[in-house]
Amino acid sequence: MRNSKDMKILVLWADIESPNLGVRALALGAAALVRRTWPNAKLDFQSFGSGAAPFYVRERTLLKEIIRRSPEMRAWVTSYDLVIDMRWGDSFSDIYGLRRLVGMNAFAKIVSDAGTPIVLGPQTLGPFNSRVGRILAKRAAARYSKIIARDIASANYGSEIGLRTPILGTDAVFAIPVPEATKRRDVAVNVSGLLWNENTHVDHLRYQKSVISVCKELLRSGRDVTLFAHVLDSKKTDNDVPAVMQARDQIGDDVRFFIPDSLEDLRSFVAESELVIGARMHACLNALSVGTPAIAMAYSRKFVPLLEGMGWERTVDLRGPDPVDDKILEICNLRSQLDAEVSTVRGRVEPLLKATSEALEGSVPAWRNR
């Protein structure tokens with residue numbers, strides 16, 4: 001029988017070393033949620049490739065492991081009291097292809113078959129646009145002791161497609177401690193490499209034009225503007241650093257830029273800013289979680305329900321036909337109003353964080369949690 005001080009927990013599909021600071025936020029947020037209940041718990045992390053697993057994790061090896069049922073893998077999985085499946089925040093879906101869904105589902109099956117409790121951590125549920133995707137979702141859902149949605153639309157969607165009744169939570173980033181900071185920057189603009197390059201979400205040339213236009217107009221009106229990256233430089237084409245530098249070249253020398261070297265560095269930066277504008281959802285969530293207003297440039301359905309669930313409605317939709325530049329600039333001028341609105345966010349998310357922590361605690365059998 002394990003003492004609660006010795007609880008051992010695995011966080012799946014969230015990486016504390018990922019170049020994507022949103023994925024790091026999910027990892028550290030999950031850890032912070034755990035420590036609300038088990039302050040001294042030992043935490044491990046596992047994603048594709050990197051992590052604590054006794055073998056190199058990829059889709060093919062996970063599927064092989066289901067067939068092999070190796071004693072080594074079973075011993076490793078059963079060494080944990082709880083597994084929290086974070087799925088990078090929005091990968092309980094088939095929008096990224098069935099290969100990713102099958103691979104992540106395989107890991108959940110390995111954990112469940114070993115008898116270790118597993119929870120689907122707070123995230124977007126769906127969409128599942130294919131019949132196969134919906135079948136795979138239902139099979140995976142049956143393995144979780146709890147399913148936690150980070151917004152009401154996801155919770156409702158999960159119920160509609162027949163999943164175990166989801167618990168309503170919020171994004172794990174709000175569990176991360178808030179850094180102490182003094183406001184010393186004006187407007188911080190995240191340039192998304194995902195949207196700056198050709199993509200399946202929005203017209204990338206239109207996105208580029210909006211970023212350049214908004215920044216130039218803010219500078220003309222006397223505002224100080226700093227471009228920043230939220231996905232750090234890597235071999236992947238959708239990282240933000242080249243996009244930040246290209247945007248700076250087009251805007252001119254009046255604009256500043258900032259490339260963080262850690263999640264903590266990024267959170268301090270946004271805490272020191274008066275306003276954040278960003279199309280990376282976690283660039284906006286990191287800002288809101290430290291008390292800085294954020295204008296979200298939404299490119300998918302995951303933005304609005306999550307933000308509105310915490311009472312935040314300062315979102316513009318990049319997918320519509322109308323230009324968003326004027327709307328962004330109009331919101332930028334509401335400085336005192338934005339400050340008043342953001343001050344209410346923490347009070348709205350605290351009950352949702354509490355519900356999430358209680359769901360995690362309730363997923364561990366009493367004989368493990370003593």
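## Helices and cores in a predicted model

Let's start where two helices meet: from α10, Leu 263, Leu 266, Arg 267 and Val 270 come up against Asn 286, Ala 287 and Ser 289 of α11. Please keep in mind that this is a predicted model. Two packed helices are described by the angle between their axes and the distance between the axes. For helix α10 (residues 263–271) and helix α11 (residues 281–289), the angle is about 65° and the axes lie 9 Å apart. Their crossing is right-handed.

Now to the interior. In soluble globular proteins, nonpolar side chains tend to be buried together. The largest nonpolar core here holds 95 residues, and the members that touch the most others are Tyr 207, Leu 227, Ile 277 and Met 310. Helix α1 (residues 21–37) is the top contributor to this core, supplying 9 residues. A separate core of 35 residues lies apart from it, and includes Leu 12, Ala 106, Leu 120 and Leu 136.

Ile 277 is worth a visit in your viewer. With neighbours within four places in sequence left aside, Ile 277 contacts Val 187, Ala 188, Val 189, Asn 190, Val 214, Leu 218, Ile 295, Met 297, Ile 328 and Cys 332.

Back to helix α1. Its 17 residues reach 25 Å from first C-alpha to last, close to the 24 Å expected at 1.5 Å a residue. Most of α1 is covered, with 13 of the 17 residues buried.

Ala 32 has its place in α1, while Glu 65 sits in helix α2 (residues 59–68). Here is how the two residues look:

| Residue | Relative accessible area | Contacts beyond four places in sequence |
|---|---|---|
| Ala 32 | 14% | Ala 175, Ile 176 |
| Glu 65 | 5% | Phe 55, Ser 70, Met 73, Ile 110 |

Why does Ala 32 count as buried? Its relative accessible area is 14%, and buried means under 20%, so Ala 32 qualifies. Glu 65 is buried too, because its value of 5% also falls under 20%.

Conventions:
Residues numbered from 1 in each chain as written. Predicted model: local features only at pLDDT ≥ 70, side-chain atom pairs only at ≥ 80, totals over all residues. Heavy atoms only, no water. Core = buried A, V, L, I, M, F, W, Y, C linked by side-chain atoms within 4.5 Å. Buried < 20%, exposed > 50% of the residue type's maximum accessible area, 1.4 Å probe, protein only. Helix = DSSP H or I, 4+ residues; strand = E, 2+ residues; numbered from the N terminus. Contact = heavy atoms within 4.5 Å. Expected span 1.5 Å × (residues − 1). Axes fitted to C-alpha atoms, helices over the stretch in contact; angles between N-to-C directions. Left-handed = near helix turned anticlockwise from the far one by under 90°.
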